[in-house]
Amino acid sequence: MGAKDVQLAQAYARHPEKLQHLLPSEQITGDITLIAQADVYIISVTDDAIASLAAALPFAGKLVVHTSGSTGMEALGNANRKGVFYPLQTFSAAKPVYFKEIPICLETEQQNDMHLLQTLAHALSEKVYEISTAQRQALHVAAVFACNFVNHLYGIGEKVCNENAIPFDILKPLIQETADKIKTLSPAAAQTGPAVRNDEKTIQRHLDFIHDERMKQIYTLLTQSIQHTHEQKL
């Protein structure tokens with residue numbers, strides 16, 4: 001079974017015009033009372049909006065899932081069967097992704113519903129995992145460290161480059177090699193730099209160079225964290 005075997009019955013949005021570049025107009029509705037019949041209803045909204053949208057659904061006894069990494073199933077209420085269909089990936093409107101490689105994390109209350117979600121997930125991705133709420137919340141925290149915070153640090157690196165007339169492209173092979181390393185090494189084994197070497201002279205030169213106090217605090221905190229982690233290994 002593949003993605004071609006999955007039929008999207010309909011999409012609902014408060015502002016349906018925002019979906020017109022993705023679907024034919026006859027598959028989009030802005031009226032929640034006109035939601036079509038389906039095997040699975042997927043709520044993909046901000047975490048704070050999950051409960052109110054689930055409560056507004058005009059049916060009961062159906063399988064309703066959300067896509068949040070940090071929200072429990074209880075947010076879906078008790079009118080319908082509930083579950084989680086959480087794709088672990090960063091999504092940006094301007095960049096397409098290859099869905100076959102995206103891990104999809106599943107959770108349900110009923111085993112029959114798990115079988116249904118697994119069938120759907122395997123049609124979209126080769127990486128499907130059944131995980132608990134606690135595991136999913138831990139995974140979301142790990143993802144924030146490994147993705148959101150790392151991307152913010154890319155932004156700081158780009159700022160330093162721009163302020164010193166250096167093309168950010170110079171850093172991209174280094175970024176790529178760092179990402180590639182963890183395919184064969186643990187992050188701890190791949191760690192390099194002045195912090196892990198306890199190169200205090202270089203660290204101090206960097207701190208002297210940095211004039212932005214917030215950036216200086218980030219540099220100091222991350223340096224101390226790397227050193228602490230390295231000391232625990234010894």
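This is a predicted model: local features need pLDDT of at least 70, side-chain atom pairs count only at pLDDT 80 or more; totals for chains, interfaces and linings use all residues.
User: Why are α6 and α7 called roughly antiparallel?

Analyst: The axes of α6 (residues 200–209) and α7 (residues 213–233) cross at roughly 160° and come within 10 Å. Angles over 145 degrees count as roughly antiparallel, under 35 as roughly parallel, 65 to 115 as roughly perpendicular and the rest as oblique, so this pair is roughly antiparallel.

User: Which residues of α6 and α7 meet there?

Analyst: On the α6 side, E200, I203, H206 and L207 meet K216, Y219, T220, T223 and Q227 of α7 (contact means heavy atoms within 4.5 Å).

User: Why is T223 called buried?

Analyst: Its relative accessible area is 10%, and buried means under 20%, exposed over 50% and partly exposed in between, with a 1.4 Å probe and protein chains only. T223 is therefore buried. Leaving aside neighbours within four places in sequence, T223 is in contact with A195 and I203.

User: What should I keep in mind about the numbering and cut-offs?

Analyst: Residues are numbered from 1 along each chain as its sequence is written. Local features need pLDDT of at least 70, and side-chain atom pairs count only at pLDDT 80 or more, while totals for chains, interfaces and linings use all residues; side-chain values use heavy atoms, leaving out hydrogens and water.

Definitions and conventions:
Axes are lines fitted to C-alpha atoms, for helices over the stretch in contact, and angles run from 0 to 180 degrees between N-to-C directions. Helices (H or I, at least four residues) and strands (E, at least two) are DSSP runs, numbered from the N terminus.
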